[in-house]
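Colleague: Please show me the model, and then let us go through its architecture by question and answer.

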Amino acid sequence: MKKIIAAALALMLALSSGSVHAQQKKLNIVCTTFPSYDWMRSILGDRLDAVELTLLQDSGADLHNFQPTAQDFIKISSADMMVYIGGPADAWVEDAVKEARNKDMVTINLLKALGEDILMDVVKDDHEHDDHDGHVHSHEDEHIWLSLRNAQKLSRVMATALALLDAEHADTYLANQQAYAARLDKLDRQYREAVDAARHKTLLFGDRFPFRYLAEDYGLTYFAAFSGCSAETEASFETVAFLANKADELNLPAILVLDGSDGKIAKAVLGASRNKSRPLIVLDSMQTVDSQMVREGTTYLGIMEKNLESLKEALK
């Protein structure tokens, strides 16, 4: 990856030959993923048009499959602020930042910013043991945006950094973030009320499971075929049987799948269960949002509101 970065920068920067900063009059902010991009849009508010804000991963490709291009490295190289997750899926960003032309770039590693609130990548999928405590993987769970409480904390970190970078408009950024945090807090309370009123308190995914932060926020139990960062696409017979038995044992009203999933594993779990009339319900992990969806008005809050309705149906 380092060789790719170095070659890309050498070629592209030679072609641009100093013209990037000459043409760049706006504050240049790059966000790797949609959630942080949308948080930044809310922080900027009416100043959005006065800033060059870039969503790097806008193709709709899954976060874990993203392959940066030479043009992506150029965008990062000239950025005034870089916001990224800091997990395994975007580990390449560290090298890109080191090679950047702008040595005064402000970088925000959201995982580091989360601090003590980081969770490990765990999923309860172990059909070979009776305690079903799950598997603890060797890395931190990077799906930090799937918690409204994390969103409040991280958007505050971003607004504070932006206020220091652009002190002239600091009050605007901080006020916008406070207003946005109030909306996040309101939706967080709605999630809490929905879970408190729910008959069931268990989520079962016939899929990967990137929703641990959300589950932990509201005290939900969870079972899934794979962890959130797993690259596996085929579940073993034992895993399918284990999930089907759990769905029957707990009399769960639905089986969950992720956005962009083909539903193959979930359908296998459904087929192996006694109640084959259960619906497959989608929870959107925001890992496949593309530029077209952004142009059409997709927002972080909008997706989390839809997820709340899906969660109510899944928990009944």
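This is a predicted model: local features need pLDDT of at least 70, side-chain atom pairs count only at pLDDT 80 or more; totals for chains, interfaces and linings use all residues.

Modeller: Residues are numbered from 1 along each chain as its sequence is written, and side-chain values use heavy atoms, with hydrogens and water left out.

Colleague: How many helices and strands does the protein have?
Modeller: Helices (H or I, at least four residues) and strands (E, at least two) are taken as DSSP runs, numbered from the N terminus. On that basis the secondary structure comes to 13 helices and 10 strands.

Colleague: What percentage of the 316 residues counts as buried?
Modeller: Buried means under 20% relative accessible area, exposed over 50%, and partly exposed in between, with a 1.4 Å probe and protein chains only. Of the 316 residues, the buried share is 54%.

Colleague: In which order do the 4 strands of the open sheet lie?
Modeller: Two strands pair if DSSP finds at least two bridges between them. Strand 1 (residues 27–31) and strand 3 are joined by 3 bridges, and strand 3 and strand 4 (residues 106–109) by 4 bridges. The pairing in the sheet is parallel, and the order is 2-1-3-4.

Colleague: Which strands are the edge strands?
Modeller: The order of the open sheet is 2-1-3-4. An edge strand here pairs on one side only, which applies to strand 2 (51–55) and strand 4.

Colleague: Which residue of strand 4 stands opposite Met82?
Modeller: On strand 3 (residues 81–84), Met81 and Val83 point one way, Met82 and Tyr84 the other, and all are buried. Val83 is the bridge partner of Cys31. Opposite Met82 stands Thr107.

Colleague: What angle does helix 3 make with strand 2?
Modeller: Helix 3 (residues 34–44) packs on the sheet and touches strand 1, strand 2 and strand 3, contact meaning heavy atoms within 4.5 Å. Angles run from 0 to 180 degrees between N-to-C directions, and axes are lines fitted to C-alpha atoms, for helices over the stretch in contact. The direction of helix 3 makes with that of strand 2 an angle of about 160°.

Colleague: How are helix 3 and helix 8 oriented to each other?
Modeller: Residues of helix 3, including Trp39 and Ile43, meet residues of helix 8 that include Tyr173 and Tyr180. The two axes come within 7 Å and cross at roughly 120°. Angles under 35 degrees count as roughly parallel, over 145 as roughly antiparallel, 65 to 115 as roughly perpendicular and the rest as oblique. Helix 3 and helix 8 are therefore oblique.

Colleague: At roughly what angle do the axes of helix 8 and helix 13 cross?
Modeller: The axes of helix 8 (residues 170–197) and helix 13 (residues 300–315) come within 10 Å and cross at an angle of roughly 5°. That makes helix 8, relative to helix 13, roughly parallel. The angle asked for is roughly 5°.

Colleague: Is Asp62 buried or exposed?
Modeller: Asp62 lies in the loop between strand 2 and helix 4 (70–77). Leaving aside neighbours within four places in sequence, Asp62 is in contact with Arg208 and Gln287. With a relative accessible area of 14%, Asp62 is buried.
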